[in-house]
Amino acid sequence: MTINQPERPQRRRACRALALPLLLAGAPLLPLAAQAAAPALERRVKAAFLYKFLGYAEFPPQAFADAATPLTLGVVGAEDMAAELARIATGRMVAGRTIAVRALREQELAQPVHVLFVAGRDEARTARLLRSSPAFLTVTECEGCLQHGSVINFTIVDERVRFDVSLDAAEKKHVKLSSRLLTVANRVQKGAS
């Protein structure tokens, strides 16, 4: 059977849409090679989210030294994600600013960044790193991190990467989040929960 040229992109998109939830879940029916690719795919999806968050966050004026200061994303504990973010951001601008991506070690958290992603599911470690960072928008991926000051926390819901938001943490960091971002969040937390 021959597939007409115009149908191929639609078919590829449909296959990818079906494969994404299975890969993120690491479904046991998948071949071992596909299961091994699941964490890499999850990182790529999270990197894309991190880039998109830039367009839905308004940083305070004091966050920038001048009009030429780039938006800076720092990544701790996931050099592969930092590389993917750099690939996504190369040559792009958000709110008239270029984007700089830095892979940071834990000892470098005092460096000013606008967005900080802390990789890993160790809640105590993540809480400690959040306390030592001056970042405006902090993003994590471990259970309970919104209570430790994270503004956005990735979670897996129905085999998909989703995110929860703490409006209190955003307010403390003087970051305004777009209502468009909040409408697609899995959960929005305001006040003690």
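Colleague: What volume does the second largest pocket have?

Modeller: The second largest pocket has a volume of about 200 Å³, where a volume is the space filled by probe spheres set on grid points that are joined across faces, edges and corners. Please keep in mind that this is a predicted model, in which local features need pLDDT of at least 70 and side-chain atom pairs count only at pLDDT 80 or more, while totals for chains, interfaces and linings use all residues. Residues are numbered from 1 along each chain as its sequence is written, and side-chain values use heavy atoms, with hydrogens and water left out.

Colleague: What makes a set of points a pocket, and what makes a residue part of its lining?

Modeller: On a 1 Å grid over the protein atoms alone, a pocket is an open set of points with protein on both sides within 12 Å along at least five of seven lines, whereas in a cavity a 1.4 Å probe fits but cannot get out; a lining residue has an atom within 4 Å of a point. Here 15 residues line the second largest pocket, and the closest to its centre are Cys142, Glu143, Asn153, Phe154 and Thr155. Strand S7 (residues 152-157) gives the most to this lining, with 4 residues.

Colleague: Why are S2 and S4 called paired strands?

Modeller: Strands are DSSP runs of E with at least two residues, and helices are runs of H or I with at least four, numbered from the N terminus. Two strands pair if DSSP finds at least two bridges between them. Strand S2 (residues 71-76) and strand S4 (residues 97-104) are joined by 6 bridges and run parallel, so they meet that definition. One of the bridges has leucine 73 with valine 101 in S4 as its partner.

Colleague: How many bridges join S3 to S4?

Modeller: Strand S3 (residues 93-94) is joined to S4 by 2 bridges, and these strands run antiparallel. S3 and S4 form a hairpin with 2 residues between them, and alanine 95 in the turn has a positive phi of about 55°.
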